[in-house]
Amino acid sequence: MPWNACILTLFPDMFPGMLGHSLVGRALDEGRWSLDTIQIRDFATDKHNTVDDTPCGGGAGMVMRPDVVADALEAAQTRFPLAKKVFLTPRGKTLTQAKVRELAEGPGVILLCGRYEGIDQRVLDEHDDIEEISIGDYVLNGGESAATVLLEACVRLLPGVIGKEASHEDESFEAGLLEYPHYTRPRVWRGHEVPETLLSGHHEKILAWRKKQAQRITQERRPDLWAAYCDETKGSA
């Protein structure tokens, strides 16, 4: 069985979009994962196919109706009963590589993409196993872009999608650090030289150089990650 992604959205034509290209798109064509979309508007019950209404208590914008969203979500659950349910929202927990790995190791995901001011809270109260996830501290017009980010991050971890499994090991966040700098030919470009250590052929020295560079970059750019890395390494010492 392939790893499955089911996206609940008002704009199913946005998919696969960029997910249909490069390694992720090839993996989709090869059946390593599958992608389904559900049009939330199909579950509206009035002649105008209304999916939203004014917020109780007043305020700007519109809110997606609980009856419509819940019916769409439950239809997806019926099709994919084992999939992890995720609501993409700025107020969710920040997406991390650890969470990506966890989702990729499961049977698949159901991704709920909100629009307008969001969805009625009662849907989340009714489905208390749905996880709220954010891809960063900023606001988008809807969850579709966030769904694309999450899916690409997950799919690239599936077996056979990226040729060398070892290529994952040195990537940013996998070891708690940002990735070290990369170089290729030519040896000298516009006066900039490839570091001598990388041309030495000495495997242990190269590994040590890369680790030191990863530590330096993490400490400079992400003090939060650096603090967590120091705590982790101290605890495992």
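**Exposure, backbone and pocket: reading the terms**

Biologist: Why is Asn-49 called partly exposed?

Modeller: Asn-49 has a relative accessible area of 35%, and since buried means under 20%, exposed over 50% and partly exposed in between, with a 1.4 Å probe and protein chains only, Asn-49 is partly exposed. The model is predicted, so that local features need pLDDT of at least 70 and side-chain atom pairs count only at pLDDT 80 or more, while totals for chains, interfaces and linings use all residues. Residues are numbered from 1 along each chain as its sequence is written, and side-chain values use heavy atoms, with hydrogens and water left out.

Biologist: Which class of exposure does Arg-190 fall into, and what is its phi?

Modeller: Arg-190 has a relative accessibility of 69% and therefore counts as exposed. Its phi is near 50°, which is positive in a residue other than glycine, and Arg-190 belongs to the loop between β8 and β9.

Biologist: How do you know which peptide bonds are cis, and where are they?

Modeller: Omega is about 5° for the cis bond that joins Phe-15 and Pro-16, and omega is also about 5° for the cis bond that joins Arg-185 and Pro-186. Pro-16 is in the loop between β1 (3-9) and α1 (22-29), while Pro-186 is in the loop between α5 (144-155) and β8 (188-189).

Biologist: What makes a site a pocket, and which residues are closest to the centre of the largest pocket?

Modeller: On a 1 Å grid over the protein atoms alone, a pocket is an open set of points with protein on both sides within 12 Å along at least five of seven lines, in contrast to a cavity, where a 1.4 Å probe fits but cannot get out. The largest pocket has a volume of about 490 Å³, and of its 14 lining residues the closest to its centre are Leu-95, Thr-96, Gln-97, Val-100 and Phe-173. A residue lines the pocket when it has an atom within 4 Å of a point, and the volume is the space filled by probe spheres set on the points, with grid points joined across faces, edges and corners. Helices α3 (97-104) and α5 each supply at least two lining residues, and α3 gives the most, with 3 residues.

Biologist: How many helices, strands and residues does the protein chain have, and how much of it is buried?

Modeller: The chain has 7 helices and 9 strands, and buried residues make up 40% of its 237 residues.

Methods: Helix = DSSP H or I, 4+ residues; strand = E, 2+ residues; numbered from the N terminus.
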